[in-house]
Amino acid sequence: MRKKITVVGSGNVGATTAHWIAAKELADVVLVDIIEGRPQGNGLDLLQAMPIEKRDSYVLGSNDYAATANSDIVIITAGVPRKPGMSRDDLLNINYKIMSEVVGKVVQYSPKSFLIIVSNPLDVMAQTAYKLSGFPRERVVGMAGILDSARFRAFIADELKVSVENVTAFVLGGHGDTMVPLPRYSTVAGIPITELMDAATIDRLVKRTRDGGAEIVKLLKTGSAYYAPAAAATEMAEAILKDKKKILPCAAYLDGEYGIKGLFVGVPVKLGAKGIEQIVQIKLTADEQTQLNKSAAAVKELVDIIGVGATPVLASAS
Ligand SMILES: NC(=O)c1ccc[n+]([C@@H]2O[C@H](COP(=O)([O-])OP(=O)(O)OC[C@H]3O[C@@H](n4cnc5c(N)ncnc54)[C@H](O)[C@@H]3O)[C@@H](O)[C@H]2O)c1
């Protein structure tokens, strides 16, 4: 039987995610949105691209969650994106309301699904989905680190004029101004970038990575990035569906790992058929740990505002 992925939110990120999934023939896709006609229109348009792409993914749009029943994976992109001058944190209250509504429906129709959270502020929305769904932590994962490290990789490849395929990069921490890029774990064909670039160049690329989302928001003026975010969410879905056991930087609920307890923070995880199969712990320098703690504290501040540090509300749904 074909796999089924629901994408909630048929906006820029959601529709583009559906596009990547269908183009890779990973699964059938159901797009859901509150705007009448939008997911149906996007779904039909994508379905009509399939004969050209020679892909047999069925794509359907709906305003009704009944169409999403028994999805294997649900990718949540519903919410408001940033406008110029806004931080991701400015989206907190409005997207919390949207996330609560969406998670309730998703749990009702797809109680065994894996949740991939994309809406911002990312780590807090992932925590919201985890707490409200009552799903085990293996089945709730946030998308941020893959995007942040892809941005770093793109800048490194461009700087050194090498193939992006040669470049790996590691970014830890929350999705936002406190993200922690790790140059010593970032390599070109296995060579640490610290051997290939001077400190000032690395610092410049790190800063551009940290501000990578804002740079695009400033250019677009009416929304935020969506091609790379959608590609990143698709990579996570693919790792789960194909049981790839890929090590990817994702937001995961930590229970003491890296000295952090009860909070979603970006760390390397192994993604496979069981979802988060392992949280990979690497040794950090004192300075990196301090930066990670700072990042976690920033997530905790927002988590406390909306009160999603408490016990699961829909705990029976796991
Ligand atoms: N994690 C990341 O790295 C990352 C990257 C890019 C964007 N984002 C976030 O993803 C979210 C979506 O961004 P976008 O550019 O696609 O925005 P968008 O405005 O283009 O699309 C959002 C869609 O969500 C829909 N929506 C709103 N409330 C809903 C509800 N209750 N149920 C179903 N759908 C609902 C809207 O109608 C809209 O179509 C934003 O919060 C943005 O900040 C996160």
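Start by selecting N70, found in the loop between β3 (59-62) and β4 (73-76). Strands here are DSSP E runs of at least two residues, helices are H or I runs of at least four, and both are numbered from the N terminus. This is a predicted model: local features need pLDDT of at least 70, side-chain atom pairs count only at pLDDT 80 or more, and totals for chains, interfaces and linings use all residues. Residues are numbered from 1 along each chain as its sequence is written, and side-chain values use heavy atoms, with hydrogens and water left out.

**Backbone stops**

Stay on N70. Its phi is positive, about 60°, although N70 is not a glycine. N70 is exposed, with a relative accessible area of 60%. Exposed means over 50% relative accessible area, buried means under 20%, and partly exposed lies in between (1.4 Å probe, protein chains only).

Next, select K245. Look in the loop between α8 and β12 (246-255). K245 also is not a glycine, yet has a positive phi of about 55°. K245 is partly exposed, at 38% relative accessible area.

Now go to P121, in the loop between β5 (114-117) and α4. The peptide bond from N120 to P121 is cis, with omega near -5°. Why stop at such places? Most residues other than glycine have a negative phi, and most peptide bonds are trans.

**Into the core**

Select I75, I116, I117 and L271. They have the most contacts inside the largest nonpolar core, which has 81 residues. A nonpolar core is a set of buried Ala, Val, Leu, Ile, Met, Phe, Trp, Tyr and Cys residues joined through side-chain atoms within 4.5 Å. Helix α4 gives the most to this core, with seven residues.

Center on I75. Beyond its neighbours within four places in sequence, I75 is in contact with residues including I5, V7, I21, I116, A233 and A237. Contact means heavy atoms within 4.5 Å.

Move to A237, in helix α8 (residues 227-241). A237 is buried, with a relative accessible area of 0%. Not counting residues up to four places away in sequence, A237 touches I5, I73, I75 and I116.

**Helix pairs**

Show helix α1 (residues 12-23) with α8. They pack at an angle of about 50°, with their axes 8 Å apart. That makes α1 oblique to α8. Angles under 35 degrees count as roughly parallel, over 145 as roughly antiparallel, 65 to 115 as roughly perpendicular and the rest as oblique. Axes are lines fitted to C-alpha atoms, for helices over the stretch in contact, and angles run from 0 to 180 degrees between N-to-C directions. On the α1 side, select V13, T16, T17, W20 and I21; on the α8 side, Y227, P229, A230, A231, A233 and T234.

Now show helix α4 (residues 122-133) with helix α9 (residues 286-306). Their angle is about 45° and their axes are 9 Å apart. That makes α4 oblique to α9. D123, V124, Q127 and T128 in α4 meet V299, L302, V303 and I306 in α9.

**Last stop**

Which residues does S295 contact, leaving aside its neighbours within four places in sequence? Select S295 in helix α9, then G173, G174 and T178, its contacts. S295 is buried, with a relative accessible area of 0%.
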